[in-house]
Amino acid sequence: MNGLRLLLLALFCSVLLVGHAESETNLLRAVNGRLLLNEGITGSFQQEKHLTFMRQPLVSTGQFTLRRNQGLYWKVLEPVASLMVVRDGTVTLDGKQISDRGVGELLADIMLGFISGKLQGLEQNFHVSGDVLADGWALQLQPRTYPLSQVLSHIELEGDSYLSRIRVVERSGNRTDMHFSEISQIVPPE
């Protein structure tokens with residue numbers, strides 16, 4: 001009798017896990033259906049870094065260009081000018097390669113997924129939940145893999161036709177908020 005109960009419990013749990021994976025996939029398909037997919041986008045950003053030991057956030061503003069085959073160009077204009085380029089797994093800051101296989105590359109991968117419609121990579125690294133409403137969508141990503149789960153609490157994403165907001169919440173209590181505006185498509189040359 002205990003063997004039968006154990007078997008039924010195992011079957012029930014496996015059905016729940018399969019159902020959850022299907023709901024993540026359906027949610028990402030619904031978001032993907034809202035996105036304007038293209039070769040690239042350009043726009044402005046405001047980034048706020050909230051550190052637990054500071055009362056006021058560190059605020060930076062600038063412009064970004066994201067091209068499907070060329071990566072992310074993140075140009076900070078204020079308070080101190082700098083340029084970060086993330087391309088093919090390499091991160092450069094002001095022309096010098098840095099060993100940031102972390103947030104810069106992760107954000108570039110997420111943003112590239114949203115312009116190319118390749119969101120399935122999110123399911124590999126994160127548990128995905130959220131809503132798709134008439135006026136937009138919101139996703140919450142919770143890390144499922146190490147070392148992401150050691151550093152990140154979760155990531156919140158919002159948008160409609162484009163990704164418009166990212167919030168990265170770290171386990172330390174620090175968080176980064178990014179708001180994107182003036183987004184336009186890059187038209188490929190004919």
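Mentor: Buried means under 20% relative accessible area. Keep that cut-off in mind for this predicted model.

Trainee: Why does W137 count as buried?

Mentor: W137 has 3% relative accessibility. The cut-off is under 20%, so W137 counts as buried.

Trainee: What makes F64 and F180 an edge-to-face pair?

Mentor: Two values describe any pair of aromatic rings: the distance of the centres and the angle of the planes. For F64 and F180 the centres are 5.3 Å apart. Rings pair if their centres lie within 6.5 Å, so these two pair. Their planes stand at 70 degrees.

Trainee: Are F64 and F180 buried or exposed?

Mentor: F64 has 2% relative accessibility, so F64 is buried. F180 has a relative accessible area of 8%, so F180 is buried too.

Trainee: Why is the pair of F114 and W137 called stacked?

Mentor: The ring centres of F114 and W137 are 5.2 Å apart, within 6.5 Å, so the rings pair. Their planes are at 10 degrees. Under 30 degrees counts as stacked, so this pair is stacked.

Trainee: Where do these two residues lie?

Mentor: F114 is in helix α2 (residues 103-116), and W137 is in strand β8 (residues 136-143). They are 23 residues apart, and the pair links distant parts of the chain.

Trainee: How many aromatic pairs does the structure hold?

Mentor: Five. One aromatic cluster is formed by F45, F64, W74 and F180.

Methods
Residues numbered from 1 in each chain as written. Predicted model: local features only at pLDDT ≥ 70, side-chain atom pairs only at ≥ 80, totals over all residues. Heavy atoms only, no water. Phe/Tyr/Trp six-rings, centres within 6.5 Å; stacked < 30°, edge-to-face > 60°. Buried < 20%, exposed > 50% of the residue type's maximum accessible area, 1.4 Å probe, protein only. Helix = DSSP H or I, 4+ residues; strand = E, 2+ residues; numbered from the N terminus.
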